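Work through each task yourself, then compare your steps with the solution.

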Amino acid sequence: MKRERYLKGLIYIVVVVLLNVAGATLFFRADLTENKVYSLSEASIEAVKNLSEPLTINVFFSEELPAPHNNTQKYLADLLEEYAINANRYFNYRFYPIGGDMETNPTSKRNADLANSYGIRPVNIQMVESDEVKVKTAYMGLVVIHGDLMERLPAIISTEGLEYNLTMAMMKLGNKISTLLSLKGKIEADLYLSNSMASVAPAMGLNDLSTLPNRVEQAVNKISSRSYDRISFSRFDPATPEEKQTLSDRYNMLQLRWPDLSGGKVKAGSGVIGMVMRYGEKSVNIPVLEVTRVPLFGTQYTLMTDQEMEDAISGAVESLIDINEKVGYLVGNGTAERFGTNAANPMAPPTDALNNFSANLSRTYAVSEVNLKEKGIPEDINSLIIAGAKESFSDHDLFQIDQALMAGKNVAVFVDAFKEIKNPNPQMAYMQPSVYTPVQTGLEKLMAHYGVKVKSAYIMDENCYKQTLPRRLGGGQQNVYFAPIIENETINHELPFMKNIKGLVTLKAAPVTIDEKAVKDQNLTATTLFSSSKRSWIKETNIALNPMFLRPPTDDAAFASRPVAAMVEGSFTSYFKGKPIPEKPAADGEESAEKKENKAAAITQSGAVVEQGKPAKLIVVGSVDMLTNSLFDEQGNSANAAFVMNLMDSLNGRENIAVMRSKKQRFNPIDKVPDSIKTPVKAFNIVGLPFLVALFGMAVWLKRQSRRKTIRAMFQ
């Protein structure tokens with residue numbers, strides 16, 4: 001029996017060891033979250049699986065970080081391990097810990113120096129220690145090195161969007177390498193510095209101005225060595241007034257003028273300072289000298305640091321070579337400006353500007369402005385954005401949009417149904433509010449032909465944004481009916497880029513309906529993206545967007561769910577099928593084409609109009625305000641921003657990127673439960689659960705009584 005016990009114990013130990021060996025080699029993982037938050041997206045797997053050159057990620061994190069930053073470090077380690085599992089042999093990563101006293105810990109000192117050489121600087125984080133809030137300096141960044149190029153994530157302070165940022169950095173490096181290797185000729189980096197500025201530099205506090213050319217050349221050579229030697233450097237001395245004025249006009253370069261200074265030791269003169277990077281017809285101006293006006297201290301002049309210079313040159317290279325896919329943005333025809341300014345506060349753009357959207361779009365796409373009246377729609381764009389057009393489109397303009405759609409270019413239209421005419425007297429704006437007139441640009445007939453109709457009305461909804469009133473107005477909350485909240489149940493999740501969008505906020509939205517007959521006649525597929533709630537109604541006339549004066553209708557028949565956005569896809573039939581090519585309107589000052597002698601007018605054409613297009617998508621959103629700063633946040637983390645950027649990814653064939661971006665949402669509400677279920681559940685919790693507990697107790701008591709009787713009977 002003793003030998004048998006030892007044998008069993010030995011067998012158990014062997015089994016445990018074998019199970020551990022099997023678990024280390026034949027393991028599996030299961031992500032039970034709905035959106036697979038802790039698993040890599042398909043786009044991330046493809047990015048590391050198809051590497052053709054070594055890609056290394058060097059991570060620099062300080063040790064003993066306080067919560068929640070220690071969890072961020074752990075999440076990053078797990079994420080990189082997940083990349084490594086799915087990657088091929090070219091993927092590598094390494095952690096460089098930094099901790100302790102740099103003077104006594106040579107490893108930490110060496111790792112910190114390496115981080116600084118990559119441009120990763122320590123950041124300040126708050127921590128609680130001994131009931132005190134303290135600020136600690138910590139390294140929390142990484143660098144992605146692919147070939148001779150690198151991308152930095154200098155401050156990883158949150159796990160949100162970390163996979164997206166990492167994967168996009170890898171994809172960006174891959175695109176940049178292929179683009180640089182295919183360049184014809186070199187990118188020119190030209191420094192313009194007038195020698196006349198040497199005499200006035202000390203008066204400007206620029207004692208190191210003489211070292212600027214060498215510093216710029218070193219920065220250019222450093223970036224060029226990482227860019228397959230595709231950058232050349234030159235220095236010029238603009239001496240004549242004509243040269244200086246030309247540079248100032250062409251590149252918006254800084255031109256300085258000064259009178260006699262220091263008792264005549266510095267003679268009056270002028271000079272130009274700046275840097276221009278050029279490739280082909282494109283150019284980027286890099287202001288190497290920053291001018292700031294500080295109260296009490298006056299005007300301050302500061303030269304770029306070496307790191308700032310390297311970052312600016314690297315960014316200019318990316319801008320010049322268009323490493324990202326091209327997206328067209330329609331300018332003219334009264335469309336919303338991409339970047340707006342606030343006259344009252346130039347540092348803060350107005351809420352109705354598109355600054356945040358434009359900045360986020362430019363991070364992943366090369367945005368090309370399209371003017372239909374000048375060069376038309378370029379061939380190298382994948383999609384076209386038309387945002388809030390308010391001026392009429394000529395037939396020739398509509399023809400260009402139609403033919404772009406026929407060529408397979410996708411189009412996104414953000415509608416502004418009314419044009420607001422504000423009271424010129426701000427003091428009378430309350431008594432005489434703005435007047436809203438319906439916008440008719442001609443684009444409506446084009447969209448209607450493709451199967452999408454936009455009604456000249458605003459959607460009002462009882463399920464809307466609630467504004468908090470100040471005390472002087474009575475406090476409480478006020479319904480902003482023209483800002484409907486789109487809930488999860490009215491969002492179409494069948495489309496991949498809409499799958500993880502759980503809620504949206506719209507503003508001044510027009511109903512967007514699908515014409516089933518037009519869609520069927522062209523053999524297209526149409527889908528409603530999202531709608532307002534069942535307690536919404538429309539306002540077509542007497543528009544007054546003052547929440548204090550808006551009231552829901554008394555007739556329940558006026559309430560219904562209204563579609564706000566729709567998508568039509570397939571091979572469209574041209575609006576101009578069987579029609580001649582529209583005549584291009586004469587420009588201002590030109591003689592009308594009808595008055596010109598045209599000897600070729602008698603020549604007829606065929607095939608000039610593409611009547612049946614390639615597969616394409618048309619998305620129409622009833623609110624241009626979804627692109628404005630009021631609904632699109634600066635960092636692009638809100639649900640509205642995720643929807644808009646996912647929409648753009650869908651139009652550019654990047655569905656996997658859209659799914660990856662939105663799989664982890666800040667706004668993830670619980671599904672609503674109808675009142676018919678709430679009441680029984682509440683009643684069960686209040687009455688049912690205590691009753692069940694009492695019933696269970698009674699059953700236990702009866703069972704014990706029965707057991708006592710049984711035992712008593714056994715001993716009698």
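**Exercise 1.** Decide whether Phe 91 is buried or exposed.

*Solution.* Start with the cut-offs: buried means under 20% relative accessible area, exposed over 50%, and partly exposed in between (1.4 Å probe, protein chains only). Phe 91 has 7% relative accessibility, so Phe 91 counts as buried. Now try Tyr 93: at 31% relative accessibility, Tyr 93 counts as partly exposed.

Before you go on, note that this is a predicted model, where local features need pLDDT of at least 70 and side-chain atom pairs count only at pLDDT 80 or more, while totals for chains, interfaces and linings use all residues. Residues are numbered from 1 along each chain as its sequence is written, and side-chain values use heavy atoms, with hydrogens and water left out.

**Exercise 2.** Find out how many aromatic pairs there are, and classify the pair of Phe 60 and Tyr 118.

*Solution.* Rings of Phe, Tyr and Trp (its six-membered ring) pair if their centres lie within 6.5 Å; planes under 30 degrees apart count as stacked, over 60 as edge-to-face and the rest as tilted. This rule gives 15 aromatic pairs. For Phe 60 and Tyr 118, the centres are 6.0 Å apart and the planes make 50°, a tilted pair. The two residues are 58 residues apart, and their pair links distant parts of the chain. Finally, check burial: Phe 60 is buried at 0% relative accessibility, and Tyr 118 is buried at 18%.

Technical notes: Helix = DSSP H or I, 4+ residues; strand = E, 2+ residues; numbered from the N terminus.
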